[in-house]
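Please read them alongside the structure.

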Amino acid sequence: MPLEPIIDSPTDSPAEALRGLCGGRVHLPGDPGYDAARLPWNVAVDQRPAAVVVPHDASEVAEVVRAAAAAGLRVAPQSSGHNAAPLAERGLDGVVLVRLSEMTGVGIDPDAGTARVVGGTLWRDVVAAAAPYGLAAMHGSSPDVAAAGYVLGGGLSWYGRQHGLAANSLLAVEVVTADGTVVLADADHHAELFWALRGGGGNLGIVTALELRLLPVADVYAGMLLWDREHAPAVVRAWSEWTRDLPDSVTTAMRVMSFPPLPELPPFLSGRQLVVIDGAVLEDDDRAAELLAPLRALGPEMDTFGRMPAGALPEIHMDPPGPTPAVSGHAMLGSFDEEAVAALLAEVGPGTTTSLLFAEVRHLGGALGRPAPGGGVLDHLPDDYALFCVAIAPVPAAAAAGLADADRVVTALRPWSTDRRVLNFTEHAVDARSGYAADAWERLCRVRAELDPAGMFRANHPLT
Ligand SMILES: Cc1cc2nc3c(=O)[nH]c(=O)nc-3n(C[C@H](O)[C@H](O)[C@H](O)COP(=O)(O)OP(=O)(O)OC[C@H]3O[C@@H](n4cnc5c(N)ncnc54)[C@H](O)[C@@H]3O)c2cc1C
């Protein structure tokens, strides 16, 4: 019988040096609060850091960084834990997890059209704070993703083809750097750091606040079209053709979905295989209807597209409302032509069985494909589509089956894939250079080497 691993007594741990910090919100292995504190949003991920600390403000974060450095430890910032998998995969020995989940809050400056967002705040709170002023933030499909991790990783929003990557809506960042000081980085101060933060993830420091440019958008024409999966061959082919000739004002995604029969799901989802197209059309109602007409002509079973308050946009994608065990696969696609549609449907189309909750293709291009003037390290994405496959993984066997099925779809679409990735959608340990253009990668590594020569910060997608 295998022996249980011997866990060092907490008093042997260098992390013991952190005990008095953050008003005692420090959890070491063996402490009663450790397991709850280390649980990320993706509850399938078993992250076991040397300690979890839960700061309440920037000065507590700075203290943690200084104390960790003195104890020979590294630090990993985490807001929600949506993308915790690559961190855990590499192991967290000697790493202090800095959970920003209790550092939340949003201030709106309606005259300037900006939001000041505290480091661990979820998008749902930013959207709710901005909406009363007729303003919208460049959130993604999920209300409980945190603004920080999403924006630092690029950020693909329903506003994306019109307005570009969310990273380039950053105006200023308050960040704790490797020497444990709180710095304000913007276009005029610490400009190289500011450039690197806009796409460089958690490699440069712990972000304690963000200043974001908001969009003057009070309402938006958005929603979803839904068909039974038996219609997928016609619908997916039509979507792929439709996306090839669209104005930048339209940002949509297409998913082939399989729901288990569950009483908590609405009847239109429970036990169903579906094909769903959703997104936003930033046009007036008549023009939006005109643009959607070719898809509506395919007779969707459900059509929720219409004008809605911008505050409702984070709900249209039906992302899970709370912590979820999940595994995934991802690739960037240079094109999504008729043969690519056939390859996708051979894996998840009518007549197939899959453990994937969905195989999704997001339409990029437009402003996402053009370098943002004065943008950061990730100022655009070169490819026109992103593939993201997700399976729910409550037990290890489901995780293994989900990963195998996700891998099958990624492999089937390899002829259309490029060597780039969106690191936000990459939930494995990969070589992070695949997230960047070659020259941007070199400059990012130089900035990191200068600002954090000892490698204090451990990001989910580390540069080295
Ligand atoms: C259901 C779902 C829907 C999604 N939808 C979208 C979408 O529409 N568009 C999109 O672009 N992405 C989307 N994503 C991906 C998401 O943007 C990434 O998972 C992102 O990393 C989440 O950031 P987080 O802070 O919530 O997660 P975390 O796991 O907490 O953070 C991920 C990494 O970001 C860094 N980080 C986080 N907070 C800080 C901080 N305060 N300071 C410094 N570094 C920090 C760290 O390196 C951390 O490891 C989705 C993911 C899921 C699971």
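**Notes on an arginine, a histidine and a helix**

1. Arg 229 sits in the loop that runs between β10 (219–228) and α8 (232–243), where helices (H or I, at least four residues) and strands (E, at least two) are DSSP runs numbered from the N terminus. The model is a predicted one, in which local features need pLDDT of at least 70 and side-chain atom pairs count only at pLDDT 80 or more, while totals for chains, interfaces and linings use all residues. Residues are numbered from 1 along each chain as its sequence is written, and side-chain values use heavy atoms, with hydrogens and water left out.

2. The side chain of Arg 229 does reach backbone oxygens, that of Thr 352 at 3.0 Å and that of Val 348 at 3.2 Å. Leaving aside neighbours within four places in sequence, Arg 229 is in contact (heavy atoms within 4.5 Å) with residues including Val 256, Gln 273, Gly 349 and Pro 350.

3. His 82 belongs to the loop between β3 (74–78) and α3 (85–90), and it counts as buried because its relative accessibility is 14%. Its side chain makes polar contacts with those of Ser 80, at 2.6 Å, and Asp 144, at 3.3 Å; such a contact is a pair of N or O atoms within 3.5 Å, where within protein one must be able to donate a hydrogen and the other to accept it, and residues adjacent in sequence count only if both atoms are side-chain atoms. Not counting residues up to four places away in sequence, His 82 also touches Trp 41 and Glu 427, among others.

4. Helix α11 (residues 396–412) has buried residues that include Ala 398, Gly 402, Asp 405 and Val 409. Viewed down the axis of α11, the buried residues fall within an arc of 140° (taken from the directions from the helix axis to the C-beta atoms), so they line one face of the helix. They pack against β15 (326–333), α10 (338–348) and β17 (385–392), whereas Pro 396 and Ala 397, on the other side of α11, are exposed.

Methods. Buried means under 20% relative accessible area, exposed over 50%, partly exposed in between (1.4 Å probe, protein chains only).
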